[in-house]
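Here is a short report on one protein model. Look at the structure first, then read on.

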Amino acid sequence: MGSVGRVLAVALLLVVGVSGRAGAGPGPSLWAGSWEAAPSGTEPAVPGAAFRNVVHLSVGGSAVRVRVSNRLGSAPLRLGAVTVALRRGDGPAAVPGSMRAATFAGADTAVVPAGQDLVSDPVPLSVPAAADLLVSVETPGDSGPATFHRVALQTSYLARHGAGRADDEDGSAYTRTTGHWYYVTGVDVRAVTLGSVVAFGDSLTDGNGTSMDANHRWPDRLADRLRRFRIGVLNAGISGNRLLLDSTGGPGALARLDADGLDRSGVRTLVLLEGINDIKGTPEATDPADFVRAYRAVVARAHLRGIRVVGATLTPYAGYSGYTEAREAVRQRVNRLIRTGHLFDAYVDFDAVVRDPRQPGRIRPAYDPGDHLHFNDAGTRALAAAVPLADLL
């Protein structure tokens with residue numbers, strides 16, 4: 001074990017030590033975020049359906065609780081049933097005996113007010129790290145626009161006639177597939193951990209360019225590195241999201257910071273990679289001082305919660321349709337401020353890791369899925385490997 005591993009291992013022992021003295025029974029367990037998908041938009045409701053979302057946990061625990069979101073909805077969301085189960089194989093079937101009903105204040109059904117999320121009661125289900133969990137949500141009526149996460153890069157399932165199907169183990173009723181996550185925005189686990197890291201950003205964090213059903217987004221790769229230290233990783237990336245403005249990628253970073261980042265369970269550190277959509281978008285941002293103010297606002301709000309912030313430099317995109325030399329100059333100035341301006345508690349130089357040494361405005365060909373903006377599976381591995389673990393906690 002290297003020096004970073006020793007530091008984190010000692011820290012974990014200190015956390016465990018708080019729970020009880022040597023030789024005593026287990027102390028009180030803690031809650032930590034294990035999976036997240038930030039709400040990014042809405043689609044028309046499917047009355048009477050059951051959605052079976054497949055989510056990939058980062059850390060495991062002895063129980064789970066589910067966050068159901070109606071944050072972008074316009075009417076109260078009525079939940080007919082919500083269940084959780086371990087996934088069997090590659091489809092919608094559950095591991096026999098693992099199906100559990102999620103309750104809300106002791107009730108099997110619930111109503112989520114428009115604009116809000118609702119967290120379930122603890123569900124006693126032992127889940128291993130890196131497990132696929134099935135979170136099924138039955139919606140018996142038309143509750144208006146359905147809050148969802150558009151770019152899941154994960155196949156989930158829909159039972160069009162879903163009444164009484166949320167607790168089906170065999171999954172045979174789930175005959176339709178979807179590439180979105182519906183209603184579910186988070187899963188927490190009960191376990192002794194060092195808490196969670198939130199990866200906050202846009203499509204680069206959301207995983208555009210990586211393989212479908214592979215869990216190869218850079219936060220997934222970071223979770224692989226952190227798993228032995230019992231640190232959860234939450235992906236708060238939204239494709240199209242902007243730092244300075246709202247957009248088609250949902251509310252801007254400052255508007256959604258609390259709900260998608262700071263309010264999540266057990267958060268210790270937030271890694272922020274956001275700003276390229278402001279530079280290349282419409283209207284475009286041209287003043288680096290605006291980025292500085294936004295970054296400092298994120299840090300100030302995080303520090304009020306005792307959360308560290310690690311900033312990431314903005315990565316190259318020459319060859320992409322929105323690239324111009326003037327916009328590249330803004331990116332370079334913003335990156336210089338991230339490196340030298342002491343804006344964050346620490347920074348990770350993603351730009352230096354992925355840029356082509358021969359053409360620094362471009363991504364290395366080996367990391368480029370072809371659009372010259374996002375990253376393929378090799379690129380996300382490189383990003384995650386660049387994050388210094390000692391800076392996270």
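The report covers an annotated domain, a pair of helices and one glycine.

This is a predicted model: local features need pLDDT of at least 70, side-chain atom pairs count only at pLDDT 80 or more, and totals for chains, interfaces and linings use all residues. Residues are numbered from 1 along each chain as its sequence is written, and side-chain values use heavy atoms, with hydrogens and water left out.

An unreviewed UniProt entry lists residues 199–382 as "domain: SGNH hydrolase-type esterase". Such annotations may be inferred rather than shown by experiment. Over residues 199–382 the chain is 39% helix and 17% strand. The end C-alpha atoms of that stretch are 15 Å apart. Helices (H or I, at least four residues) and strands (E, at least two) are DSSP runs, numbered from the N terminus.

| Helix | Residues | Residues in the contact |
|---|---|---|
| α6 | 288–304 | Pro288, Phe291, Val292, Tyr295 |
| α7 | 325–340 | Val330, Arg333, Val334, Leu337, Ile338 |

Contact means heavy atoms within 4.5 Å. The contact residues divide into 8 nonpolar (Ala, Val, Leu, Ile, Met, Phe, Trp, Tyr, Cys and Pro), no polar and 1 charged (Asp, Glu, Lys and Arg). The axes, lines fitted to C-alpha atoms over the stretch in contact, lie 9 Å apart at an angle of about 40°.

Glycine 97 sits in the loop between β6 (81–86) and β7 (100–101). At 53% relative accessibility, glycine 97 counts as exposed (over 50%, 1.4 Å probe, protein chains only). Glycine 97 and glutamate 169 are 72 residues apart in sequence, yet 8.3 Å apart in space, C-alpha to C-alpha.

Definitions and conventions:
Axes are lines fitted to C-alpha atoms, for helices over the stretch in contact, and angles run from 0 to 180 degrees between N-to-C directions. Buried means under 20% relative accessible area, exposed over 50%, partly exposed in between (1.4 Å probe, protein chains only).
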